[in-house]
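Me: I have a structure to go through with you. Could we take it in short questions and answers?

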Amino acid sequence: MTTDTCVVRLDDVRKEYGDTTALDGVSLEIRTGEAVAVMGPSGCGKSTLLNMIAGLDRPTSGSVRVHDEDLGRLNETKLALFRRHRIGMIFQFFNLLDDLPALENVTLAAQLTGTKAGPARKRAMELLDELGIADRRNAYPATLSGGERQRVAVARALMNRPALLLADEPTGALDSRAGEQVMDLLLDLNQIGQTLLIVTHDERLATRCASRVVELADGQITHERTLERA
Amino acid sequence: MSAVWRASRAAVKRRRVQTFVIGLVVLLSTTTIVVALALLQASSAPFDKAFAKQLGPHAIAVYDPAKVTDAQLTGARTGVTAAAGPFGQVTLDVSGISVLGPPGPKTVVGRADPGGPVDRLDLWKGRWPAAPDEVALNLADPGPDDEGPPLDSGEITFGGKRYTVVGWAHSLSQTADAWVTPAQMTALHPTSTQMLYRFGGDVSTKTAVNTDLAAVTAGLPQGALIAEQPYLVVKEEVAEDIGVYVPFLATFGVLGLIVAVVIVGNVISGAVVSGFRHIGILMTLGFTPRQVVAVYLVMVLVPTVVGCVVGTITGTLAAQPLLSEGFQGLGLDVGINVGVWIWVAGLVGVPALVALAAFVPAVRAHGLSPAQAISAGTSPRTGHGTRIQRRLAGVGLPRPVTLGLGMPFARPGRTLFTVVAVLLGVTTVTFATGLADSLTRISTLEDQASGQIGVRPSDGQMRIIREGQSPTAPPARTSRTEAQVEQLLRGLPGAARVTAIYSLPVPTVGHMQPLNVNFVRGDYSSMGYQGELTAGRWMTAADQTVVPSAIMRERGLKVGDKLTMALGGRQAALTVVGETMDGPSGPPGIFADWRVLTDLAPDRVVRPDEVYFQVQLEAGGDVAAYVTAVMAADPAVEAWDTARVSDFEITVIGFSSVLSLLLSVVAALGVFNTVVLNVRERRRDLGMLKSIGMTPRQVVTMVLTSMTVVGVAGGVLGIPIGIVAHRYILPAAADAARVAIPHAVLEVWQAPMLALMALAGVVIALLGALLPARGAARLTIAEVLHNE
């Protein structure tokens, strides 16, 4: 499901770390409702690209615009607010707080915006319920399976209803069964209108969840292909 | 060993901040410890050295020549290793104010020379008396910067006869005020005979010395011994000045030491915990558990050695001026230095303590397998910390605040160490604040007691010049009697109370040395001396006396004792009814009503210049105007504003302020280190929180909140400890100075002040946490999460 509204626009983005060029003149657009997979070998610049779009890092040159907001012009506080309200992130290693149970990990994102504990928990419970892990809401991350942890991470990412969901190797740390579940979940989300950007090595994940695949090599986009999904 | 050294060196380089904090903490603590130990040593050792150099007498014995012959005295030598004497001794009145102090009886001894087997005097100026009208006076060498009293104009009147002062000598044991030739003494008809003894037996206590003396006098006729004085009396007097600092300094030294050990323990345990992965890697490389322990011990000992070397040198330099100040003019001509054992304590003792503190947590590394170590960094935290975090999640506070409140419980051991560091910082601040307040109260009490204005008529030779002014006219002698001067003072506008004080040493039955008596008249009972009472009550009749605590201790007196004053063949018995902190300015003296003087010496004419007057004005009175009025009414009557802050008060307040600041900094460094460790450990969590929208300000709030908990805990616990320390140490310091203090000066704590003290803990914690908190806010998310 796609529309013509542009959510992400990268214009000639370069990123250098000392003598190393991670991104070399990348231009890319992602429209509302799209599911874009970025693929490529290790060190090609996939994660750097995702970090630019998430406002976790700044380009050396070029511009990154998300929802018409030029991220290069935002200070740290505004970038934090941008991340809080506009995007949700899913990581390969989940990045849950070990000393909080699943429910509190999910509510955290809403509570940072000032939402009271009650309404935040209600929303978190709805998400956990939708993702099929409501019964594990009081479990600590250490006692959850990999798939369950990633579902909690997805719930946390969706807590503030982000316009863009970014996933960095979301199945990379999961066994095949858990990976399948996460793929299904992402696909479902996209099918109900969630814009997705997935960084992955996994061809299966890309072809199953994405409507477009962007391939990177040596910091440059080398190939783009649109996929037909069933 | 080289592998251990290389790994340690790499760890030191990698942990620059921690290394710097350890070094700084050890440096500051060692400085404090060296200063405290140097003063402890100085309070005793210089006297012993000078006493040994002079071959000082362990006991001074005074005999009645009517009951014992010189031959008998010379023959009595049981337990005696060296003796000097017999020397003829007489008590003579010195006229006028002299270098020996106020007029009154002085002990004059006939001696052929300043040397001998016992009490070798330091003849530091002039020569020894050789002719009948010559005298040498007892005075400590004021030092190379001071020429001392001039010899050429030196004349002094003893017993109505004028003597030429030909020399100045110092007897550390105070065996006499002045010496004349033996021939001159014979002419003066000595009333007693002095013997000076050094004993071979135990001389460590007054009782032991008295036992030694009893063995010597055992074969002598009954009543031959009139008076005796063990050397420990003088030793205590010498130690008194410096001894008052010692309890304060020792307290600060101990606090500094504990803070150092606690922080080092915290730093090392934190280093081990945060270095689990590093330890695992070392083990997989083939390091044995023992080598791992060695790596971590060396890692902490490198900055410790640097810190303790610099700290020992700094402490030595800081102690020197304090020691010089304390011993100036005491006649201790032996060099005062920081002893070798203190250097050893600083250079070996402190690293040993640090190593011990480091060893226990470092041994934890010993017990880890490589797999445990490598996975430990990612293993989940469980227990109380998680339960508390969960409960805090539902509290109606901003989420960064509740996250911060829960952080200390994630590492309870580390938090405990940090709380102890802050606690000790708050204890120090509380103690120092209480100390300053108490000293100010003591000063206020003394100011109230001494009146606002001091007045002394000139003797026609000297005049009192106010600071910064030069004399405008030669001194005149007032034509008024002392009673007329009092009348003048009472008649001037604004005068509310006037007290006249005449200070006179009076021989006292059963005491070797005359007792200094302040004969008081006028409004002395309402001047404020009652506020200085430490025991008993104020005197209400002429046969009662109130005695300063220094004299009570020196003479072994207690409330209820009787003192029999003897002057010119008359006697007056006074009952001790109270004890005061001290008395009027000048040498300590007992209070006695002027009527006692009249009874003892009805014919004595007291000159106006021998009387010191204290004046208190009506409420709101203008001190300067009154002083001017006195001088205008009689230019020969000197008046001055007595308000002042004592040097001791300035020294102690200044010193305690510096030390409390120093230990607060050390405590803040402990917090700093804890936050650095916490932030390093929680980099991944912080990165994640920032990735979901936590702003830099919220990160700072979270980290500062975590340390606010520590600050509040440290404050709440540190305040009572500081109060208890103040309650015990101030009286101990007063005891070292051989005075008692009124209970009121200890009652310094009020709610607003305590609230401020509680804030001290929070301020220490926040100051320590601020920098690393800002560092946490600036963490680069991509880098943190990528590294994970």
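Me: Which residues does B:Val703 touch, not counting residues up to four places away in sequence?
Reply: This is a predicted model, where local features need pLDDT of at least 70, side-chain atom pairs count only at pLDDT 80 or more, and totals for chains, interfaces and linings use all residues. Residues are numbered from 1 along each chain as its sequence is written, while chains are lettered from A and ligands numbered from 1 in the order in which they are written. Two residues are in contact if their C-beta atoms, placed from the backbone, lie within 7 Å. With that rule, B:Val703 touches B:Gly404, B:Val675, B:Val679, B:Ala769, B:Ala773 and B:Ala776.

Me: How many residues does the largest nonpolar core have?
Reply: A nonpolar core is a set of buried Ala, Val, Leu, Ile, Met, Phe, Trp, Tyr and Cys residues joined through C-beta atoms within 7 Å. A residue is buried if 20 or more other C-beta atoms lie within 10 Å of its own, exposed if 12 or fewer, and partly exposed in between; C-beta atoms are placed from the backbone. A:Ile198, B:Val671 and B:Val703 have the most contacts inside the largest core, and its size is 238 residues.

Me: Which helix gives the largest share of this core?
Reply: Helices (H or I, at least four residues) and strands (E, at least two) are DSSP runs, numbered from the N terminus. The largest share is 16 residues. It comes from residues 412–450 of chain B, helix H15.

Me: What percentage of chain B is buried?
Reply: Chain B has 788 residues. Its secondary structure comes to 24 helices and 20 strands. The buried part is 50%.

Me: How many residues of chain A are in contact with chain B?
Reply: On the chain B side, helices H13, H21, H22 and H24 each supply at least two residues. Chain B brings 28 residues to the contact. Chain A's number is 29.

Me: Which residue stands opposite A:Ile90?
Reply: Four bridges join E6(A) to strand E7 (residues 164–168) of chain A, and the two run parallel. The residue opposite A:Ile90 is in E7(A): A:Ala167.

How values were computed. Pairing = 2+ DSSP bridges.
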